[in-house]
Amino acid sequence: MAEQRRDVIEILEHDHREVEEMFTELESLRGASTEEQQARRKELTEQVTIELVRHSVAEEVLVYPRVEKQVSSEEAEHAREEHAEAEETLQRLEKLDADDSLFDEELATLMEEIRHHIEDEEGQMFAHMRQVIDEDELRKLGERVEAFKKVAPTRPHPNVPNEALPRTAAGPAASLFDRMRDLASGRGTDN
Ligand SMILES: [Fe+2]
Ligand SMILES: [Fe+2]
């Protein structure tokens, strides 16, 4: 443990970079025709979904309430709305095969929504958090976010409001159900 612990903003920005890398690979596979490439597209889309859901629910439960209290309730609300929209897109995408003509369209929508959301978070919200929350607090919050992501849901649940309380109430059942389905189907590889 010689390494200095990352604070919450570093953790969330690292997640963003991972998602962007997956997006870039997905874009390079656009119009892919072989079965192997199609399978890779589907697999990457599943990984993006898992990562985005865990990340977003962690933000909704642990980060946005702090933003609401200490930074700006408008910024927190705006971010929740963007999550809700992207979650709808993720759910539509989950139902499509990679060779479905709608798949590319929904994927493009998702990438646009998420890239815009990342820009908002990093350009405004996170910058504002740095101004008002001290480094020690940001590190502690980072630890909680990392622990939370390990037990967070992995599939979109657009019927659950994007707020801390409903997310926490629905979380254990949703998360267990998602993870059992993932294990049964072999979806995702990292957990
Ligand atoms: Fe984020
Ligand atoms: Fe977010």
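Mentor: The side chain of T45 reaches the backbone oxygen of R41 at 2.7 Å, where a polar contact is a pair of N or O atoms within 3.5 Å, one able to donate a hydrogen and the other to accept it, and residues adjacent in sequence count only if both atoms are side-chain atoms. This is a predicted model, in which local features need pLDDT of at least 70 and side-chain atom pairs count only at pLDDT 80 or more, while totals for chains, interfaces and linings use all residues. Residues are numbered from 1 along each chain, and side-chain values use heavy atoms, without hydrogens and water.

T45 is buried, at 5% relative accessible area (buried is under 20%, exposed over 50%, partly exposed in between, with a 1.4 Å probe and protein chains only). Leaving out residues up to four places away in sequence, T45 touches L26, L93, F103 and L107; contact means heavy atoms within 4.5 Å.

T45 lies in helix α2, which spans residues 35-70 and packs against helix α6, residues 164-185, at about 155 degrees with the axes 11 Å apart. Helices here are DSSP runs of H or I with at least four residues, numbered from the N terminus. Axes are lines fitted to C-alpha atoms over the stretch in contact, and angles run from 0 to 180 degrees between N-to-C directions. α2 and α6 are therefore roughly antiparallel, the word for angles over 145 degrees. In this pairing, R54, V57, E60, V61 and P65 of α2 meet A164, R167, T168 and R179 of α6.

Key:
Chains lettered and ligands numbered in written order. Helix = DSSP H or I, 4+ residues; strand = E, 2+ residues; numbered from the N terminus. Parallel < 35°, antiparallel > 145°, perpendicular 65-115°, else oblique.
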